[in-house]
Amino acid sequence: MKKLLLSVIASIGLLAQAQTVLTNFDDVNNVTISTEQTKESLFKMMPAVVDNPDVTGINTTDKCLGATNIANADWSGNLVCLKLNEPVVINAYTRYMSLMLWRGVQAKDCRIAINGYEDDNEVYREKLANTGQWERVVIDLGFKHLNDTLNEIYIVYSCNWDMPRRGWTEASYYIDEIALSPAGNIPQADVVIDASRQYQTIHHFGSSDAWTMEFVGKYWSNDVKAKASKQLFSQQFDANGNPEGIGLSGWRFNVGTGSADQGDDSKIDMAKRTECFMNADGTWDWTRQAGQRYFMEQAKNYGCENFIFFSNSAPIFMTKNGYAHADGSGQCNLATDKMPAFADFLVTTAGHFIKEGYNVSLISPVNEPQYDWGGGQEGSPWENIDISNLARALDTSIKGHGISSKILIPEAGQYDRMWGGSGRACNQLSQLFNSKVPNTYIGDLESLAPYAAGHSYWTYTSNYSLKDARMKVRDAAENVGMTMMQTEFSFLEVPQQGTGFPSGSCNYMDYAIYMAKVIHSDLVYGNMAAWNYWTTMAQEQYSQLNRFYLMRMRPKGGDYGSILEGGTIDDNKNLWALGNYSFFLRPGYKRLNLTGGDEMNNVLASAWIAPDSTKLVVVYINTASVRRYSSIKVNNLDYGVTDIKKYVTYSASNLGLSTTETTMDRVLLPARSVSTVVITLDKEPSGVAGDVNGDGEVDVTDVNILINILLGKDDAAKYSGRADVDGNGEVDITDVNIVINKMLGK
């Protein structure tokens, strides 16, 4: 019996590691190359088996599938189909497809699809990390195609959707080593950090109080409000080492208009009406917006660093039509002669709360100026010239009142209106911040923040747009000397299937994972200094799960009940996934260059360092349905590691401290999770070669450390590269000899 049991265990082990090789284009070939749908006019060399262009890297086989596009090749027909001679059912042992890709040009993404080449068939769309190098791509087919039969694999060489389609010369592409395997064969998602290459500095992570916080603050019980406040703002750990909350460092306060006084005549939904601190006769009542003020006070008491005062509309007594929404004509609703008065209203409001101890760091006077805002909620359209004039009036008022707040604009409704577009409020980065556009230029204003604000709507539903739109807005902002901030996001659209989002029913964690993917894309590809969610609290209606909130309101009468009668509030996976960023990446943290964590449908990673260099933080998103492992290597940071902790949000944990051992060489990433690794560093770096422990001296202690590493009794990763004395990538006997010779003065 024992012998049989061992045999079964061995068989299971072999099965777990088995691969189904579809083709290596040498001696294994379970595919037929079909060019029936390939447009020959797009190719200088049609897809065919050719010699491997580079046998010096990770792919040393002789043959591969190659093709060469003409310059500026279109996307339609720019593909090859690999038909499986023996179709394969996608199951636990075949769910991961791996293949080698080599691309001579990275101007556009390539697409891999199965059983067709349209959007619904897409399983991968990305650029590679490097040009002219073989790279292994791993795709989780089981996430959306479990139990389906794989008949065909389509490779779309260049996803060139743009018009006009131009910008690069002819390009060669190669494919090789296509195989299916179980989860056990997925390689580690190792990351390498270059601390010498630093990017944006974090200003804040935040959320807004529009609209329901006013009603919760007024009508819901103190216990419910207190618990919610702790979960939103606390920066402390509980007795078990878990974060008490998500530690928001920014809070967006909606400066009201007075539409609440108009009741139903306001033509605005009840839950979206606001009070106003100012009366039409110029007097002020600071007792208004009491519910919003409650949460703002809680944020301040918990140490929230930044308050952003934003406006959807001018007060109703300053608008053209007497309402907090426009008339649908597309014209700015602020009365022509009220520009200075509106500016003074915002600055006076900010100044009052600054005196009360709130750091109102930013004033945002307009919101999504591209839209007509004809009713239903507060809002006004704005032309770029209107925004420019208002910014100048704000600058005058800020200097006149002597407050420190800065102006944040333009809160574009989507990123592509910031670098292009047509019609009202388009091409805003150039129009507002480029000195060559004198009519609308405001870059010379003393009170202007060095940031441009945009919303992460309408550009996030595909992997392509997650990268492309953000890189474009990043570049456009940098061209005019600005840094982007993301100031509103919620799920106005459902992501496409090709992003790894479930094609059928989804759960709360699915949305939280994808929200984290949007955060990662905004921070890494968009280089953004701030990230904000839109509706902090909302009811869950129409089976929309957590698409529109961080915290779920449950009124006493149920999801469709009145929010004026109190209820309970539940924390949610969105809240805690945001906390993987907001709790640990505090204002002043800088993003570091990281390579190896760029698998859009698998593992994504970003690295950050504290202003005093005492903490190194790596945030991982594992979008796959199986666990992955990673390792962390740090270059150009001569600090030792004194402690490593990991905090995880997934189906069974809400930003909880992990009890699994975490080292620089071994980081477990649970399936469908967001993980934050916090690495505590030595405060005093040592630049002395051979000083392994960083105490400033080369002595016998350093020799003993190296020997223990060689014997497996110590971890080289703890010493941040100092154990690799000769810098050859390994800790070996040569390093020991170097240290001994330094001790002997040789």
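This is a predicted model: local features need pLDDT of at least 70, side-chain atom pairs count only at pLDDT 80 or more; totals for chains, interfaces and linings use all residues.
User: Is Glu122 buried or exposed? And Arg111, buried or exposed?

Analyst: Glu122 is buried at 2% relative accessibility, and Arg111 is buried at 3%. Buried means under 20% relative accessible area, exposed over 50%, and partly exposed in between (1.4 Å probe, protein chains only).

User: Which other salt bridge links distant parts of the chain, with Arg552 in it?

Analyst: Arg552 and Glu540 meet in a salt bridge at 3.5 Å, N to O. Arg552 is in strand β22 and Glu540 in the loop between β21 and β22, 12 residues apart. Both Arg552 and Glu540 are buried.

User: Which residues do shared partners join into one network?

Analyst: Salt bridges that share partners join Arg111, Asp119, Glu122 and Arg125 into one network.

User: How many salt bridges does the structure hold?

Analyst: The structure holds 31 salt bridges. One of them is between Lys83 and Glu36, at 3.9 Å, N to O. Lys83 lies in strand β5 (residues 79-89) and Glu36 in the loop between β2 (31-34) and β3 (43-51), so this pair ties together parts that are 47 residues apart in sequence. Lys83 is partly exposed at 31% relative accessibility, whereas Glu36 is exposed at 66%.

User: Changing topic: how many aromatic pairs are there?

Analyst: The count comes to 38 aromatic pairs. Rings of Phe, Tyr and Trp (its six-membered ring) pair if their centres lie within 6.5 Å; planes under 30 degrees apart count as stacked, over 60 as edge-to-face and the rest as tilted. Among them, Tyr542 and Tyr560 form an edge-to-face pair, 5.7 Å centre to centre with 75 degrees between the planes. Tyr542 lies in the loop between β21 (537-539) and β22 (551-555) and Tyr560 in the loop between β22 and β23 (567-571), so the pair ties together parts that are 18 residues apart in sequence. Both Tyr542 and Tyr560 are exposed.

User: What about the rings of Phe583 and Phe584?

Analyst: Their centres are 5.0 Å apart and their planes are at 70 degrees, so Phe583 and Phe584 are edge-to-face. Phe583 is buried at 7% relative accessibility, and Phe584 is buried at 7%.

User: Which rings are linked into a cluster?

Analyst: Ring pairs link Phe253, Phe277, Trp284, Trp286, Phe307, Phe309, Phe342, Phe345, Phe353 and Tyr358 into a cluster.

User: Which charged end sits over the ring of Tyr294?

Analyst: The charged end of Lys225 sits over that ring, 4.4 Å from its centre. The criterion is NZ of Lys or CZ of Arg within 6 Å of the ring centre and within 35 degrees of the ring normal. Arg666 lies over the face of Tyr629, at 3.6 Å from the ring centre.

User: Now the backbone. Which peptide bond into Pro410 is cis?

Analyst: The bond from Ile409 to Pro410 is cis, with omega near 0 degrees. Pro410 is found in strand β17 (residues 406-412). Glu411, also in strand β17, has a positive phi near 55 degrees in a residue other than glycine. Glu411 is buried, with a relative accessible area of 0%. Most residues other than glycine have a negative phi, and most peptide bonds are trans.

User: Last one: how many disulfides does a search of the whole structure find?

Analyst: The search finds zero disulfides, a disulfide being a pair of cysteine sulfur atoms within 2.5 Å. For Cys159, the nearest cysteine sulfur is that of Cys110, 6.9 Å away. Cys159 is buried at 0% relative accessibility.

Notes
Residues are numbered from 1 along each chain as its sequence is written. Side-chain values use heavy atoms; hydrogens and water are left out. Helices (H or I, at least four residues) and strands (E, at least two) are DSSP runs, numbered from the N terminus. A salt bridge is a side-chain nitrogen of Lys or Arg within 4 Å of a carboxyl oxygen of Asp or Glu.
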